[in-house]
Amino acid sequence: MIRRAVLSAMSVLAALVLVAGCGGGGSQVDCGLDGCTITFPRSGDVAVSVLGVEARLVGVQDSTAQLEVAGQQITVPVGGETEAGGFMVGVERVTDAEVVVRVRA
């Protein structure tokens, strides 16, 4: 019984670590059980740690974001999604001030 409680508690802690993210440099990270949403400032060189990998906005051309996720360079249009480093990465929105990216396992 005690072993089951300990294993259950460890599972909960592991899940919390997997969904945790770190924002920085004006970015915001919001994680849930279905992935993480990252709001990058459109200007500046900002990287965040999310789901155990680093994600960085490299640049924006028209409505297409150039990103680096888990060391892999990708280009994703608004509304599009592609795979990088074992994660699905989508761009939800590009404005004059920010780029909103969704990362999920």
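This is a predicted model: local features need pLDDT of at least 70, side-chain atom pairs count only at pLDDT 80 or more; totals for chains, interfaces and linings use all residues.
Student: What makes cysteine 31 and cysteine 36 a disulfide?

Tutor: Their sulfur atoms lie 2.0 Å apart. The cut-off is within 2.5 Å. The pair therefore counts as a disulfide. The structure holds 1 disulfide.

Student: Why is the disulfide of cysteine 31 and cysteine 36 called right-handed?

Tutor: Look at the torsion about the S-S bond. It is about 110 degrees, so the disulfide is right-handed.

Student: Is cysteine 36 buried or exposed?

Tutor: The relative accessible area of cysteine 36 is 0%. Buried means under 20%. Cysteine 36 is therefore buried.

Student: Why is cysteine 31 called partly exposed?

Tutor: Cysteine 31 has a relative accessible area of 24%. Buried needs under 20%, and exposed needs over 50%. The value falls in between, so cysteine 31 is partly exposed.

Student: Where do these two cysteines stand in the strands?

Tutor: Cysteine 31 stands opposite cysteine 36 in β3. A hairpin joins β2 to β3 through 2 residues.

Student: What makes β2 and β3 a pair?

Tutor: Count the bridges. Strand β2 (residues 28-32) and β3 are joined by 5, and they run antiparallel. Pairing takes at least two bridges. So β2 and β3 pair.

Student: Which strand does β10 join, and over how many bridges?

Tutor: Strand β10 (residues 98-104) is joined to β3 by 6 bridges, again in the antiparallel sense.

Student: Why is strand β3 said to be largely enclosed?

Tutor: In strand β3 (residues 35-41), 7 of the 7 residues are buried, so the rest of the structure largely encloses it. Gly35, Thr37, Thr39 and Pro41 point one way. Cys36, Ile38 and Phe40 point the other way. All are buried.

Student: How do the side chains of β4 point, and which are buried?

Tutor: In strand β4 (residues 47-50) they alternate. Val48 and Val50 point to one face and are buried.

Student: What makes β4 and β5 a pair?

Tutor: β4 and strand β5 (residues 53-61) share 4 bridges, in the antiparallel sense. At least two are needed, so they pair. Alanine 47 stands opposite arginine 56 in β5. In their hairpin, with 2 residues between the strands, leucine 51 takes a positive phi near 55 degrees.

Student: How many bridges join β6 to β7?

Tutor: Strand β6 (residues 64-69) and strand β7 (residues 72-77) are joined by 6, running antiparallel. Alanine 65 has valine 76 as its bridge partner in β7.

Conventions:
Residues are numbered from 1 along each chain as its sequence is written. Side-chain values use heavy atoms; hydrogens and water are left out. Buried means under 20% relative accessible area, exposed over 50%, partly exposed in between (1.4 Å probe, protein chains only).
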